[in-house]
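Biologist: Hello! I am new to this structure and would like to learn how to read its features. Could you take me through them?

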Amino acid sequence: MKAKKRVGILTGGGDCPGLNAAIRATAKTAFKIGYEVIGIRDGWEGLIEDRSEILDSSNTAGIIDRGGTILGASRTSPFRIDNGPQRVFDVFKKLGLEALVVLGGEGTLAVTSQLFKMGLPVVGIAKTIDNDVRETNFTIGFQTAVQIATDALDRLRSTAASHHRVMLLEVMGRYTGWIATFAGIASGAEAILIPEIPLNKERIEKLCQMLKKRNKRGKNFSIIVVAEGTQLEWKAILKPSLHIARNEGPDRLGGIGRVIGELIAGKTGLDTRVSSLDYIQRGGTPVAYDRNLATAFGVKAVELVKEKKYGEMVALKGNRITSTLLEKVEGGIKVVNPSAYKIAEIFFS
Ligand code: F6P
């Protein structure tokens, strides 16, 4: 009997809600057209170290609503490991794979693109709560993070109102302020601070004036959303010392909310508090939008594998599921579009 064709699947980079829905969709669609599916453990690390398992109808069932990734994830790049790319090719061959579906953010997808150029048959799926992957309107996980941040902001608003406070919420967004902008608009934030618009002393001054004016008008509480990657033009925010070098990911961010909170309190005299959502916004149940997007992306990825359209990434353009060259997502990120930020700005007062 002829051996079944095999497709591998891995999840690289930080996890996000909706990964399991995408794994499920990819696997079940592949089973339907006669493929065997191999789940690679812990991203590229698992491929290099030959850690995998067979996915079947039982271990891919009942996971559409589960957060995280049943496969595990890592930020390992084969290009930062001795002989890494060669080891990827060796294990790929040893597993008898025909193609590999890679779920990743901009970092993982850039690595995927480079490996494709070296001859690895790959298809990419964009996932990250940060929504900063080019060539697709949305990435898997983003809408869930926005919902979690919006829920948190709603809660902060009620306690801010009771105590007449300025409340800052720091959300994730390493290079871009997508979560901050969308959650800020959804919760009616008085200000949204994002990495795309670095803060100079003038902007901080304007922000403080606005907060004081609000207070004078009798609006005695305010909500501000800050993306973790927001920069002060005159002061570098120290990186926390907790960085664990296991997988040599990017430096950890966090703390800008507190720095800005202190500036506001000092300049306005208003009672100010700061909260940070940290990893809470990356865990747990995906919202329906992410489950649907992940399902459509998984189905499309298998279509690309079947047609041998390697070197492509599944994408959402308008409301169409399509694909684009992986190469196009290399070397850049998708910043918040000015028209979305302009909508938010209308309500800053
Ligand atoms: O997944 C992207 C992201 O959420 C960034 O916004 C954040 O800076 C980073 O992950 C933190 O990831 P970790 O600490 O898991 O490496």
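Predicted model: local features only at pLDDT ≥ 70, side-chain atom pairs only at ≥ 80, totals over all residues.

Biologist: Which elements each supply at least two residues of the lining of the second largest pocket?

Modeller: Here they are strand 7 (191-193), helix 7 (201-216) and helix 10 (338-345). Helix 7 gives the most, with 4 residues. The lining includes Ala191, Ile192 and Leu193, along with Arg203, Lys206, Leu207, Met210, Tyr341 and Glu345. Leu199 and Phe348 are also among the lining residues.

Biologist: Now to helix pairs. At roughly what angle do the axes of helix 5 and helix 6 cross?

Modeller: The axes of helix 5 (residues 142-163) and helix 6 (residues 178-187) cross at roughly 50° and come within 8 Å. Helix 5 is therefore oblique to helix 6. Their crossing is right-handed.

Biologist: Which residues in helix 5 and helix 6 meet?

Modeller: From helix 5, Phe142, Ala145, Val146, Ala149, Thr150, Leu153, Asp154 and Arg157 take part. Their partners in helix 6 are Trp178, Ile179, Phe182, Ala183, Gly184, Ala186 and Ser187. Sorted by class, this contact of helix 5 with helix 6 has 10 nonpolar, 3 polar and 2 charged residues.

How values were computed:
Residues numbered from 1 in each chain as written. Heavy atoms only, no water. Axes fitted to C-alpha atoms, helices over the stretch in contact; angles between N-to-C directions. Parallel < 35°, antiparallel > 145°, perpendicular 65-115°, else oblique. Left-handed = near helix turned anticlockwise from the far one by under 90°. Contact = heavy atoms within 4.5 Å. Nonpolar A, V, L, I, M, F, W, Y, C, P; charged D, E, K, R; others polar. 1 Å grid on protein atoms, 1.4 Å probe; cavity = no way out; pocket = protein on both sides within 12 Å on 5 of 7 lines; lining within 4 Å.
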